[in-house]
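Subject: Handing over the structure

Hello,

Here is the structure I promised to pass on to you. My notes on it follow below.

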Amino acid sequence: MSGMSGMNGMSGMNGHRRITAGLVDYGAGNLASVARALTGLGYRARISRDIETLGSTDVLVLPGVGAFPAAMAALHQHRLVDFIQGQARRGQPIIGICLGMQLLAHSSAEQGFTTGLGLIPGQVLPLQTARWHIGWNSMEVTTDDPLLRPSDGLSMYFNHSFVFHAPAEYTAAVSRVDDAPDRAFAVAVRRNNIVGLQFHPEKSQLAGRALLKNVIEGLLP
Amino acid sequence: MIQKRLIGVITVKQGWAVQSIGYRRHLPMGKPEVVAENLDRWGVDEILLQCIDRSRQGLGPDLALLERISRKGLATPLTYQGGIRDAADGVAVVQAGAERIAMDSLLRDNPHRAAELASRLGAQALIGALPLALVGGVPQWLDHRNGRAGPIPPEVAAVLKGGAISELLVVDWQHEGQANGFDEALLDQWPLPSLPLIAFGGLSEAAQLRRVLSRPAVAAAAVGNFLSWREHAVQRLKGQLLGMPLRAPAYAQPCCG
């Protein structure tokens, strides 16, 4: 476990208080990149798997690179599944990024059936329109959600092959591999205090960092 | 709609960014983290950091360099290549700040470990990197450690076809560093059409980049030191490529605040 704190006090403020993000360290993520993005935005970033440390932060961030079963196994191994589910019920804002978004689902079919965190209804299934979705693509925001609306039409960086099939009421933005109008897939989901982002906002340059800032500050009271 | 990418390549030898010419001559340029910072600032779509002496010397991945680059807080996707021996190395590279991994020597020495890496990181995180040249119309794969080249072995082709990697970096090693030198026939003769390709080696001018990026099989074009010779080269090149399915030129920094 390690920690990191932001040095820029001019942004990332909620009123007069510096926002602290808790990055869930379950050994399967691009923690360093996400932490640098957060501190660059002026937030404190705490990388930890300690539930007291994570529970004391303003927002939980669940990053992830890799395969769904291995990630869920790591969350179970570190006794973080019950903790994350409990924090969601208590209303702590939670942001899942890339694989972290998929972990929010009820289940995944990647490498067989695996139960997820079950925080947003839906299943993670293989992308139908291509084997992979890698590179920059624009997102189409499908709701009036003020957290995401300003990012409508902007390009974000994607790197995945499975997608979150969520009911329309939880789908906040979609993208598509080609121009076919009926082949859009969810790239942002939201249920109350929980947001999932299929792309990597931390590696989507200005557009991604602006979105990340908007989502974090929009989720906080 | 998914865009094709313009990738900036940083070649590193003995810890220094170098200009590489035909896999033979290497001219020092400066600190790789400074080159990375420039490419990030100029808004390149992706950065490929290739440390060319790590496998040859059995050093493993250069995690210290990745840490130094990570400290810069880059906002651009990073792919790392060099010295990766097994799944543990791959995980360490991702945790140090890379989104994706490119493999050459590991594919040659132990192609089945590529599949192990895919089970840990997912195939979307893995790129095969093959320095190739055409001999009699057949791609020959160079082993950069001993200078010998030969056809792609069946067991490696099976791994490439089997879904363990998501893209293939086709490196024209003979024309690397030579302006406008990329041998486009390499793309035509590549035998596994299902794999999206990244073209690299001698790509420098907009006209050739336009031809390469127009090919359906090509997902990205990678450009080395031609992007480092002048300020804002990424913006300039993308400006010349307007109309191609590339992300519009945009600066990555400074960040919002």
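This is a predicted model: local features need pLDDT of at least 70, side-chain atom pairs count only at pLDDT 80 or more; totals for chains, interfaces and linings use all residues.

Overall picture of chain B

Chain B is built from 9 helices and 12 strands. Along the principal axes, its C-alpha trace spans about 50 × 40 × 35 Å. A compact globule of 257 residues would have a radius of gyration near 18 Å, and the 17 Å of chain B agrees with that. As for burial, 51% of the 257 residues of chain B count as buried.

The nonpolar core

In soluble globular proteins, nonpolar side chains tend to be buried together. Here the largest nonpolar core has 152 residues, and the members that touch the most others are B:L126, B:L169, B:V170, B:I198, B:A221 and B:A222. I looked at B:I198 in more detail. Setting aside neighbours within four places in sequence, B:I198 is in contact with B:I7, B:E167, B:L168, B:L169, B:V170, B:A219, B:A220 and B:A222.

Helix α1 of chain B

The buried ones are B:P32, B:E33, B:V35, B:A36, B:L39, B:D40 and B:R41. They pack against the strands β1 (5–13), β2 (16–21), β3 (25–30) and β4 (46–51), and against the helices α2 (63–71) and α9 (233–240), all in chain B. After α1(B) comes B:G43, with a positive phi near 80°.

Two backbone angles to look at

Most residues other than glycine have a negative phi. B:Y23 is not a glycine, yet its phi is positive, about 60°. You will find B:Y23 in the loop between β2 and β3 of chain B. With 18 other C-beta atoms within 10 Å, B:Y23 is partly exposed.

B:N180 also has a positive phi, near 60°, and is a residue other than glycine. Its place is the loop between β10 (167–172) and α7 (185–189) of chain B. B:N180 has 13 C-beta neighbours inside 10 Å and therefore counts as partly exposed.

Where the chains meet

The contact between the chains draws on 37 residues from chain A and 33 residues from chain B. On the side of chain A that touches chain B, the elements giving two or more residues are α1 (31–40), β10 (133–138), β12 (155–160) and α6 (205–219) of chain A. By class, that side has 14 nonpolar, 16 polar and 7 charged residues.

One residue in chain A

Is A:F162 buried or exposed? It has 25 other C-beta atoms within 10 Å, and because 20 or more count as buried, A:F162 is buried. A:F162 belongs to strand β13 (residues 162–165) of chain A. Not counting residues up to four places away in sequence, A:F162 touches A:Q102, A:S108, A:E110, A:V124, A:L125, A:P126 and A:L127. From A:F162 to A:R183 there are 21 residues in sequence, and the C-alpha to C-alpha separation is 14 Å.

Happy to talk any of this through.

Best wishes

Methods
Residues are numbered from 1 along each chain as its sequence is written. Chains are lettered from A and ligands numbered from 1 in the order in which they are written. Two residues are in contact if their C-beta atoms, placed from the backbone, lie within 7 Å. Helices (H or I, at least four residues) and strands (E, at least two) are DSSP runs, numbered from the N terminus. Ala, Val, Leu, Ile, Met, Phe, Trp, Tyr, Cys and Pro count as nonpolar, Asp, Glu, Lys and Arg as charged, and the others, Gly among them, as polar. A residue is buried if 20 or more other C-beta atoms lie within 10 Å of its own, exposed if 12 or fewer, and partly exposed in between; C-beta atoms are placed from the backbone. The radius of gyration is taken over C-alpha atoms; the globule rule is 2.2 Å times the number of residues to the power 0.38. A nonpolar core is a set of buried Ala, Val, Leu, Ile, Met, Phe, Trp, Tyr and Cys residues joined through C-beta atoms within 7 Å.
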